[in-house]
Every structure is written in structure tokens, then in C-alpha cells.
Amino acid sequence: MAELQTQGLGIRIGDVRVCRDLDLHVREGESWCILGRNGTGKTTLLHTLAGLRTAEAGALTLNGRSLAAQPRREVARQLGLLVQEHRDSFPASVLETALIGRHPWMGPLQWESHGDHRIARQALRAVELDDLEQRNIATLSGGERRRLGVATLLTQDPDLLLLDEPTNHLDVHHQVHILELLQRKVRDDGKTLIMVMHDINLASRYCGRFLLLLGEGRTVQGTAEEVLTAGLLEELYAHPLQAISGPHGTAWLPAGPGQRQ
């Protein structure tokens with residue numbers, strides 16, 4: 001089960017008002033995407049939903065209980081976060097890094113079991129890194145390190161996955177591969193996703209609901225049909241867009257001078 005809910009949530013970072021009086025209800029099996037311009041606080045909002053920072057106002061519950069009141073180990077068994085960039089302070093292998101995802105499920109001074117290794121290797125195979133499990137993470141490319149981050153999150157196996165730009169550093173093949181993998185986790189395993197993305201077209205293809213950060217604390221939420229409109233998207237990005245019909249629905253392209261439709 002994974003259900004996250006906010007009531008009257010208010011978030012500010014410095015002079016930036018991220019959201020004001022945000023009522024959000026993320027239900028089991030849903031895929032959400034947070035969209036907004038650079039600097040509107042998408043990562044700050046995601047970290048707040050993960051319990052890593054305190055909101056200015058409002059309430060945040062995970063599975064019907066205050067998130068802040070729950071022990072962090074218990075939270076980590078329900079909720080996992082893929083950060084925007086990875087900073088590795090110590091040398092480790094790919095497999096050792098993926099196994100970090102099992103730590104919330106282990107007791108004090110407990111070593112990883114054969115079952116933990118099996119789960120980690122399955123996750124590495126899912127992101128096409130199984131042939132690199134003994135590589136030092138310092139030798140990985142940006143895209144390989146990103147896929148390892150996803151594998152570590154899958155090894156953790158929470159019901160609610162929060163992902164900050166999961167396609168960052170990935171080529172087209174791996175962008176689609178990772179998003180298809182996450183979609184299967186929702187469809188087949190009942191996972192719940194909240195993702196920050198910049199690509200409107202990939203977001204609309206793989207997410208069912210959207211939260212738009214319009215700036216100055218203003219937000220809009222709903223389905224693609226409700227909120228991915230020319231008017232709202234052009235306000236969101238402060239740039240004219242051109243809608244094109246494609247096999248997966250409407251595709252949005254940045255319009256040049258005289259191209260606005």
C-alpha cells in the first residue's frame with residue numbers, strides 16, 4: 001500500500017514560494033509528474049514529500065499517518081527517493097551500491113543475505129547493468145550511474161517511489177527503457193510514482209496525473225486532458241508551444257517566431 005496526502009501544504013525556500021495551501025492526494029497505483037520551470041522548487045517539493053525537509057505550513061501523511069512522526073527506517077520501507085545527482089564519497093562496486101537499498105530491511109550489525117543479493121542482482125539486470133556489478137562506481141558514465149541509482153531504489157523496494165529527473169543523463173533507448181520499467185512496476189506490482197520531469201512528451205506518455213508549479217505558490221493539478229493544455233503549458237514555461245498529434249497522443253514542441261498555434 002502507498003498513499004500520500006497533503007493538506008494545506010505551504011513550502012518556501014529562500015525568496016521562492018513553491019506552493020501555498022496544496023491539497024494533494026496520491027493514491028496507490030498512480031503515476032504523478034511534477035512539471036515546472038527551473039527554480040520553481042520541484043526538487044524542494046519532492047524532498048518535502050519524502051520527509052527530508054519541513055514544510056512551512058500544512059500536514060503531510062503517509063499511509064494515513066503523519067510522516068514526520070514515523071521512524072525513518074519505517075518510512076524507508078514505504079517510501080524511496082531517487083535524487084537528482086549522485087555524490088559518491090567512498091569507492092564501492094556497482095553491486096555494493098545497489099545493496100544499499102536493502103539497509104532499511106536489515107537489523108543492526110546484520111550483513112546482506114543471499115536473498116538481498118538476489119534482489120539487487122535482479123534490479124541490476126532490470127536496468128541493464130548486470131554485466132557491470134563488480135565495476136567501481138567511479139568508472140561509470142553519467143548514464144550508467146543514473147541507472148544504478150534506479151536499481152538501488154528498486155532494490156529498496158518501497159511501495160512509493162519519488163524520482164527526481166529519472167531520465168537525467170540517459171540516451172533515448174535508456175530513457176524509454178527506464179520509464180517502461182517503472183510503468184510495469186506500477187501496473188504489475190502496485191507501486192506508486194511521483195516523478196519530476198522536464199520532457200513534457202515523455203511525462204504525458206508515462207504519467208496519468210500532473211502537478212504544475214506555476215510560480216509564486218500557484219499550482220494546478222489534474223489529468224493530461226485537464227492540465228496539459230496550450231494555455232497552461234505556455235504559462236508554465238513562459239514560451240510558446242506547438243501541439244502536434246502523434247501515435248501516443250499530443251506532442252508538444254517549442255515554437256519559434258510566428259509558429260504559435
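1. A word on the ground rules. Residues are numbered from 1 along each chain as its sequence is written, and side-chain values use heavy atoms, with hydrogens and water left out. Because the model is predicted, local features need pLDDT of at least 70 and side-chain atom pairs count only at pLDDT 80 or more, while totals for chains, interfaces and linings use all residues.

2. Buried means under 20% relative accessible area with a 1.4 Å probe, protein chains only; strands are DSSP runs of E, at least two residues long, and helices are runs of H or I of at least four, both numbered from the N terminus.

3. E9 has two partners to look at. Strand E3 (residues 31-36) pairs with E9 in the parallel sense over five bridges, with Leu35 opposite Leu212. Strand E10 (residues 218-223) pairs with E9 in the antiparallel sense over six bridges, and here Arg209 stands opposite Thr223. Two strands pair if DSSP finds at least two bridges between them. The hairpin of E9 and E10 has two residues between the strands, and Glu216 takes a positive phi near 55°.

4. Now for the largest pocket, with a volume of about 610 Å³. Its lining has 27 residues, and Leu81, Val83, Ile100, Thr152 and Gln156 are the closest to its centre. Helix H2 (72-78), strand E6 (79-82) and helix H5 (142-156) are the elements giving two or more residues to this lining, and H5 gives the most, with five. By class, the lining has 14 nonpolar, nine polar and four charged residues. (Ala, Val, Leu, Ile, Met, Phe, Trp, Tyr, Cys and Pro count as nonpolar, Asp, Glu, Lys and Arg as charged, and the others, Gly among them, as polar.)

5. How are these spaces defined? On a 1 Å grid over the protein atoms alone, a pocket is an open set of points with protein on both sides within 12 Å along at least five of seven lines, a cavity is a set where a 1.4 Å probe fits but cannot get out, and lining residues have an atom within 4 Å of a point. Grid points are joined across faces, edges and corners, and a volume is the space filled by probe spheres set on the points.

6. Two cavities of 30 Å³ or more are counted. The largest cavity holds about 50 Å³ of space and is lined by Leu153, Leu154, Asp157, Pro158, Leu161, Lys185 and Lys191. The second largest cavity, of about 30 Å³, is lined by Leu24, Trp32, Cys33, Ile34, Ile194 and Leu211.

7. Finally, the cores. In the largest nonpolar core, of 47 residues, Leu35 and Phe210 touch the most other members. Such a core is a set of buried Ala, Val, Leu, Ile, Met, Phe, Trp, Tyr and Cys residues joined through side-chain atoms within 4.5 Å. Leaving out residues up to four places away in sequence, the contacts of Phe210 include Trp32, Leu35, Val220 and Leu228, contact meaning heavy atoms within 4.5 Å. Another core lies apart, with 26 residues, among them Val26, Leu160, Val196 and Leu213.

Note on methods
Buried < 20%, exposed > 50% of the residue type's maximum accessible area, 1.4 Å probe, protein only.
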